[in-house]
Amino acid sequence: MSKFKFSYFILPCLISSSVFAYMDLKTSRGEKTLTFAKNEICVIPRKFPNIDPKKLGQSNYSAKDLESELELCRMDFQAQTPVTKNTTQNYAVGICPKLHNTNPGLEIYEIGAGFTKQSLETKICDMPSNLREGTKLAKYKLSTSCSYTPSILAYYHVSRIMGDILKVPPVVLRTMDAEAYKAVPAKGKKTLSKGGVIAATWKAVINQLNNPATDKRGPYLFTNDYMQTFGGLMKNAKGEAAWLEISNDAGGEQMARGKAFMQEQVYLDLINTNVATKIVSQQWTQDNVQRLRVMGDAADMLVMDYLLRQEDRFNNIAYKLEVTGLVKGADGKIDIKSLDVKKADSAEELNSAMQEFMTKYGTSAFPVRRMMLKDNDCGVAVESAVARTGIAEKLNMLTSIRHMKKSTYDQLQRFHAYLSSSSTGSYAKDFFMRETMMTDKDYAQFALNTKRLAEGTKSLCNAGQLHLDLQLETHFSNSYKTGSQNCIVN
């Protein structure tokens, strides 16, 4: 059977200039802007409307999302006190240089009992990040190294638009005084003196910050007065673990990592032309549930990474653990229920969740991994100074997959319709340019990728080559029906 080729054509250029490069502090953004010393700001973002007609008026964003946004925006980078994390008052935090992997970002820590800001930073900052004691609250990353602020911000919003998939942590747009940023690596000077990739990337970003008007990355790092950096302040993920079984290093080369992923069992399952019931047994067992879950999550990941042109994914896949079981309701209907496990690699927390499930539902459950995308900074960028290569797009991964969740397919079709509509498209463009700092070219490519993927998957579905059969409920109740009627958006 021949592969469907997503059509490649060029959208008309909307505006030739890179609007919003060099962040203009006078441009209105968000629902609310919090201000700090040295003219720093943090933006509580607008919320993209729910495009599911069955959920009109409901928010894409959970109460926990809104709370996390406030906690992030209440972090005061310059203050010494107070130190108690909250959502109503600005609070001081410890700030250390990131000293592992490749990104020269900042790690934000809670100032615990018995510490001041200075004493905490003195104790923990000059050591590799994974050896630090203390509660890490957030990470602040700029458009340097592989990172790009619009990518960090867009993954949060698009994941919520697509149905709150893949456990992407909340992110807000934040600025920080440039001189204050440049002073942070000195807190880790002993560790940085040992050299390595992270020392090189810190040296590079300091050089970029010393030349805001002339460095090619300047427009993507600075506010338009050259006084502040701007970036994504992302909530630190908790309780996750690296999904090593489907992640790989492949010598550190991104294309090789992508090709290696295409040999993993989960991808081979996704390109299998049989319906899912012929790939995964419908018997309710841990192995069967896990296999179908990872197929659905991996398909969601490829959709997200295609839309947002992610370059650095296939050694950056994490998971959260949950316990899942079948629960009989009062009406006799069997439902699938799940509870989160607080820490993925903790037997104690797993046992606690299993006991909680039994107490709450009166039946047993088993652990199942759910994919988490927490490192999403190396995508979106089209402008030549920062351009990235979307690996899922480059390797044509989505032209070959034959399975997707019905809910994801429906949201993709709705999202494309919203972006392309004369009545809503202008709002969508304004939203992504203001709230995620995409440039005109970034947004045009994002909208084009959405169009390509929506139209390509619709054609595959109508031709009977894409099965929307990865929902647990339909699989294990034997209620999935083949045919083009599945391609109709509910």
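Visitor: How many disulfides does a search of the whole structure find?
Guide: The search turns up 4 disulfides, a disulfide being a pair of cysteine sulfur atoms within 2.5 Å.

Visitor: Where do these numbers come from?
Guide: This is a predicted model, so local features need pLDDT of at least 70 and side-chain atom pairs count only at pLDDT 80 or more, while totals for chains, interfaces and linings use all residues. Residues are numbered from 1 along each chain as its sequence is written, and side-chain values use heavy atoms, with hydrogens and water left out.

Visitor: OK, how far apart are the sulfur atoms of C96 and C125?
Guide: They sit 2.0 Å apart in a disulfide. The link of C96 and C125 is left-handed, with -80 degrees about the S-S bond.

Visitor: And why does that pair tie together parts that are apart in sequence?
Guide: Because C96 lies in strand 5 (residues 94-97) and C125 in the loop between helix 2 (117-124) and strand 7 (136-141), the pair ties together parts 29 residues apart in sequence. Helices (H or I, at least four residues) and strands (E, at least two) are DSSP runs, numbered from the N terminus.

Visitor: Are C96 and C125 buried or exposed?
Guide: Both are buried; buried means under 20% relative accessible area, exposed over 50%, partly exposed in between (1.4 Å probe, protein chains only).

Visitor: What does C146 pair up with?
Guide: A disulfide joins C146 to C378, S to S 1.7 Å. C146 is in the loop between strand 7 and helix 3 (149-161), and C378 is in the loop between strand 13 (366-372) and helix 12 (391-394), 232 residues apart.

Visitor: What pattern do the disulfides follow?
Guide: Counting bonded cysteines along the chain, the pattern is 1-2, 3-4, 5-6, 7-8.

Visitor: How many bridges between strand 8 and strand 9?
Guide: Strand 8 (residues 171-177) and strand 9 (residues 228-235) pair over 7 bridges.

Note on methods: Two strands pair if DSSP finds at least two bridges between them.
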